[in-house]
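Take a look at the model below. The report that follows covers the pocket and the ligand.

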Amino acid sequence: MADTLHTGKAAAGLARRLSGNHFIGGRLVAAASGETFPVVNPATGLEIGRAANGTGADVNAAVDAAVKAQKEWARMPARARGKLLNECAARLQEQAEEIAQLLALETGKAIRTESRPEAMVVADCFTFYGGLAGELKGETIPFSPTMMTLTQREPIGVVGAILPWNAPLMLMAFKIAPALAAGNAVVVKSAEEAPLAALRIIEIMNQVLPPGVANILSGFGPECGAPLVEHPKVGKITFTGSVETGRHIARAAAEKLIPVTLELGGKSPMIVMDDADLDKAVAGAVAGMRFTRQGQSCTAASRMFVHESIVDAFVDKVAEKVNAMKMGDPLDEATDIGTIISPGQFERVHSYIKMGEQAPGVRIHRLSSVPDDPQFKKGLFVQPVIFTGIANDHRVAREEIFGPVTCVIPFTDYEDVIEQANDSDFGLAATIWTRSLKVAMDATQRLQAGLVQVNQNIVAQPGLSYGGIKQSGLGKEASLEAMLEHFTHKKTIIINLD
Ligand code: ADP
């Protein structure tokens, strides 16, 4: 067993078994069209399986199944639903290793540093929301002594969840765990690059949940995602992805007047003051830039503003740490950094690196090294890059690259650096590194972002509201409030006692 796990053989078998299927109404089903598309291991370029190519007919089948199942699901006592979600969490935890291996196979995310921790977060998120199902409380309002007035939280009905490929499992859990706890049924549309591990999770959940409560489709955006958004019986869309697609979805949702939650990326500033603990800031930069995930993170610290007096030491130390990281086989426990997700994204990252190289006065630090093992000849490995000498108004410092590319920008004046940090279309996350409580507190008040951290840069956590402002999106995920505000309607009830 251990052997097959180490070589990914068990996950490869699982990929084959799941191939060509959605999960609708409690079972694996092929696409109505019978069509499939390849799922490719980005480390080798080899096909590991196929995904069902979903279209409007599959969306209709999944939404019908969800509508049918949702009524009973919503009638179940909230804590009973929560118990079932906790049972899902237990099974997902038991199966976390095979899920992690499958995720590593289809996304190229290294098993030890990325895929396994992500698989564990999924179980944790279901545990968290399972416990919160009993917190779907309303209020009583002293409106009139002769009118008993109260509010109650009701599920929306069927929720459509559209996933990206960068952290597909964690983000799926952030979306569907609160939706289900609140009494909704869900139809997930996985990202075309990462359909199988998400499918396996829904399959495992269906060992516990009534059929039709949790469904998943694979397919492309316009052919499968769009009909899900447009379906008249889908009452809410929760989406993570690009700004452009987010706008498109918001427009389609506006036609139906349904609510949306949009998590759309960022260009997150990290400010390192001259009094910061340099070694902690360096470790934070490496973790915060998500180099282990090839920078494919919405919260990646892709703009590092470092005080001029320490900037050279900072860059040297970050470079030294990233250089010591091993890039290679995503399934190897020794690997720190895996691959970029897809050839299209690989090209895109390179185009930004080229753009940065051409900036006047730029210095480029290329770090770590791509594996020389011939089996990874076609692997989408990119050497992490630190640019210095690129200004905050350059495209490389303004646009989300979603690759292992960061800009280090020196500063001398605090007021100026706050202004530069806020001078961005995005507002998802920000960090400041300082020993001064006064500066830290001031920065937390003034940085324009949904998540501001001082002297650390950790990823979104169950229990803490997560979501951006400006072009980074609408709404929050991962918290109790996210469940209440984004997956329920508040009904007001007035009982005349006269
Ligand atoms: P990326 O370019 O990184 O793949 P996208 O925002 O295009 O980011 O994709 C994120 C998710 O949105 C994917 O699941 C994709 O299939 C889906 N998607 C893309 N276009 C649409 C659309 N028009 N309607 C609904 N979903 C879409």
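By class, 17 nonpolar, 12 polar and 10 charged residues line the largest pocket. The model is a predicted one. The largest pocket holds about 1100 Å³ of space. Its lining counts 39 residues, and Phe239, Gly241, Ser242, Val243 and Thr245 are the closest to the pocket centre. Four elements each supply at least two lining residues: H9, E10, H10 and helix H13 (343-357).

What takes up space in the largest pocket? The ligand does: the space it takes is the largest pocket.

Now to the shell itself.

| Residue | Protein atom | Distance to a ligand oxygen atom |
|---|---|---|
| Lys189 | N or O atom in the side chain | 2.6 Å |
| Trp165 | polar side-chain atom | 3.2 Å |
| Gly221 | backbone N or O atom | 3.3 Å |

How much of the ligand does the protein bury? Taken alone, the ligand exposes 550 Å², and the protein buries 79% of that.

Technical notes: Residues numbered from 1 in each chain as written. Predicted model: local features only at pLDDT ≥ 70, side-chain atom pairs only at ≥ 80, totals over all residues. Heavy atoms only, no water. Polar contact = N/O pair within 3.5 Å; in protein donor to acceptor, adjacent residues only side chain to side chain. Areas by Shrake-Rupley, 256 points an atom, 1.4 Å probe, with all protein chains shown as cover. 1 Å grid on protein atoms, 1.4 Å probe; cavity = no way out; pocket = protein on both sides within 12 Å on 5 of 7 lines; lining within 4 Å. Sits in = over half its atoms within 2 Å of the grid points. Points joined across faces, edges and corners; volume = space filled by probe spheres on them. Nonpolar A, V, L, I, M, F, W, Y, C, P; charged D, E, K, R; others polar.
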